[in-house]
Amino acid sequence: TPTDWHLIHYGERAKGGAGLLYTEMTCTSADGRITPGCPCIGPEQVPEWTRLTNFVHAETNAKICAQIGHSGRKGSTRLAWDGMDQPLADGENWPLLSASAIPLMDGNVVPKAMERADMDGVRDQFVTAVRAARDANFDMIEMHAAHGYLLASFISPVTNKRTDNYGGSLENRLRYPLEIFAAMRAEWPENKPMTVRISAHDWM
């Protein structure tokens, strides 16, 4: 759940003159977090996110965008200052999902290659997150499909080794991210914008 830290962090940037603020990645579920310190966006978090958007709208001319994503194979890691991308201590890790069962690094949790039921569940989590962003009065949303997180893991041939309709050709690799986009866009008000964050390359 966002805290006073988020209110001050983003509020100060709005007061500083930014025209458009993006939140950090707000996660679609507890299992979709990168670290235990990452905020989610869902019905339970609406009051605190609304506190932030109300401040931005009342005190500044800025607009604010909720970046929505799922960590995929990059989840269940330590807070950055405790060891970026390093797995949590034994017994503290949570199960991960990805396009393919390829861990982030040696020693990290091996993700489950998503089956159709997993895809349906995560799609519904994205839709719930969009509804929460709407209820919290965000001006815009962004689907996070970059930086090796879940949706990026489908797009990139580095992390997508599937042999079904979601792997192989670029058209196949884009199939699930585009499904998520369509589901999100359908729940987001037509008069409010939505963007997608992508990676320009895979840093390989």
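A disulfide is defined here as a pair of cysteine sulfur atoms within 2.5 Å. The model is predicted, so local features need pLDDT of at least 70 and side-chain atom pairs count only at pLDDT 80 or more, while totals for chains, interfaces and linings use all residues. Residues are numbered from 1 along each chain as its sequence is written, and side-chain values use heavy atoms, with hydrogens and water left out.

View 1. A search of the whole structure finds 0 disulfides. The sulfur of C40 lies 5.3 Å from the closest cysteine sulfur, that of C27, which is too far for a bond. For C65 the closest cysteine sulfur is also in C27, at 14 Å, again too far for a bond. C40 is buried, with a relative accessible area of 12% (buried: under 20% relative accessible area, 1.4 Å probe, protein chains only). C65 is buried at 0%.

View 2. E142 belongs to β6, residues 140–145 (strands are DSSP runs of E, at least two residues, numbered from the N terminus). E142 is buried, with a relative accessible area of 5%. Residues that E142 touches include Y22, C65 and R197, not counting residues up to four places away in sequence (contact: heavy atoms within 4.5 Å).

**View 3. The largest nonpolar core.** This core has 37 residues, and I41, I68, F138, I141, Y176 and M184 have the most contacts inside it (a nonpolar core is a set of buried Ala, Val, Leu, Ile, Met, Phe, Trp, Tyr and Cys residues joined through side-chain atoms within 4.5 Å).

Key. Helix = DSSP H or I, 4+ residues; strand = E, 2+ residues; numbered from the N terminus. Buried < 20%, exposed > 50% of the residue type's maximum accessible area, 1.4 Å probe, protein only.
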